[in-house]
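Here are a few exercises to work through with the model open beside you.

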Amino acid sequence: HAVLNLTNTVGITQNFCSQRNFDQVWIKTRSGRKKMAYKWLCRLQETHPHLAKRARELNDRDGFVMKYDPEEVELREKREREKKRAKKETHYTDHSNSRFATTGLGRHDAKRSRIERDGRIVSP
C-alpha cells in the first residue's frame, strides 16, 4: 500500500524492523511469511549484507531451513531421495532371505498362488 501525507504527520506501525530488533523480527518472519522471508533475505544480501549474514546465523543456530532457498530446496530434495532409496533397499533386504526371494515370485504373487491353489483358499 502507499500513503501520501499532505501535512506533517507521525506514522505508527507494528511491523517496524531495525538493527536493534532484527533478530526477533527475522525469527517471526521466517516462519510466518516463508516466501517473503526468502525474498527479504535476498534483498538484504544486496543492501545490508551484515543483516543477511545475521539472518543465516540465526537460521543455522536454530536449525531452520528456508523453504524457498534454491540451495536448501535442493538439499531437502536430495535428502528425501536418499531416504526413499534407503527405505527401498531396506524393503528388498528384509525379504532377501524369505521364500519369496528364492521362488522368484513377488510377495503378492506368492500370496496369490497360495490362495488360488486347487481353486480353494489355503491358509498359511
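**Exercise 1.** Decide how helix 1 and helix 3 are oriented relative to each other in this predicted model.

*Solution.* Start with the axes: those of helix 1 (residues 22-32) and helix 3 (residues 49-62) come within 10 Å and cross at roughly 60°. Next, compare that angle with the classes: under 35 degrees counts as roughly parallel, and 65 to 115 as roughly perpendicular. Helix 1 and helix 3 are therefore oblique to each other. Finally, look at the hand: the crossing of helix 1 over helix 3 is right-handed.

**Exercise 2.** Find which residues make the contact of helix 1 with helix 3, and sort them by class.

*Solution.* On the helix 1 side, pick out Phe-22, Asp-23, Trp-26, Ile-27 and Arg-30. Helix 3 answers with Leu-51, Arg-54, Ala-55, Leu-58, Asn-59, Arg-61 and Asp-62. Sorting this contact gives six nonpolar, one polar and five charged residues.

**Exercise 3.** Describe the largest pocket: how much space does it hold, and which helix gives the most to its lining?

*Solution.* Begin with volume: the largest pocket holds about 350 Å³. Then trace its lining, which includes Gln-14, Phe-16, Gln-24, Lys-28 and Met-36. Helix 1 gives the most to this lining, with five residues. The class count for the lining is four nonpolar, six polar and two charged.

**Exercise 4.** Turn to the second largest pocket and work out which helices each supply at least two lining residues.

*Solution.* The volume here is about 200 Å³. Among the residues lining the second largest pocket are Tyr-38, Leu-41, Arg-56, Asn-59, Pro-70 and Glu-71. Helix 2 (34-47), helix 3 and helix 4 (70-94) each supply at least two lining residues. To finish, sort the lining of the second largest pocket: six nonpolar, one polar and five charged residues.

Technical notes. Residues are numbered from 1 along each chain as its sequence is written. This is a predicted model: local features need pLDDT of at least 70, side-chain atom pairs count only at pLDDT 80 or more; totals for chains, interfaces and linings use all residues. Side-chain values use heavy atoms; hydrogens and water are left out. Axes are lines fitted to C-alpha atoms, for helices over the stretch in contact, and angles run from 0 to 180 degrees between N-to-C directions. Helices (H or I, at least four residues) and strands (E, at least two) are DSSP runs, numbered from the N terminus. Angles under 35 degrees count as roughly parallel, over 145 as roughly antiparallel, 65 to 115 as roughly perpendicular and the rest as oblique. A crossing is left-handed if the near helix is turned anticlockwise from the far one by less than a right angle, and right-handed if clockwise. Contact means heavy atoms within 4.5 Å. Ala, Val, Leu, Ile, Met, Phe, Trp, Tyr, Cys and Pro count as nonpolar, Asp, Glu, Lys and Arg as charged, and the others, Gly among them, as polar. On a 1 Å grid over the protein atoms alone, a cavity is a set of points where a 1.4 Å probe fits but cannot get out, and a pocket is an open set with protein on both sides within 12 Å along at least five of seven lines; lining residues have an atom within 4 Å of a point. Grid points are joined across faces, edges and corners, and a volume is the space filled by probe spheres set on the points.
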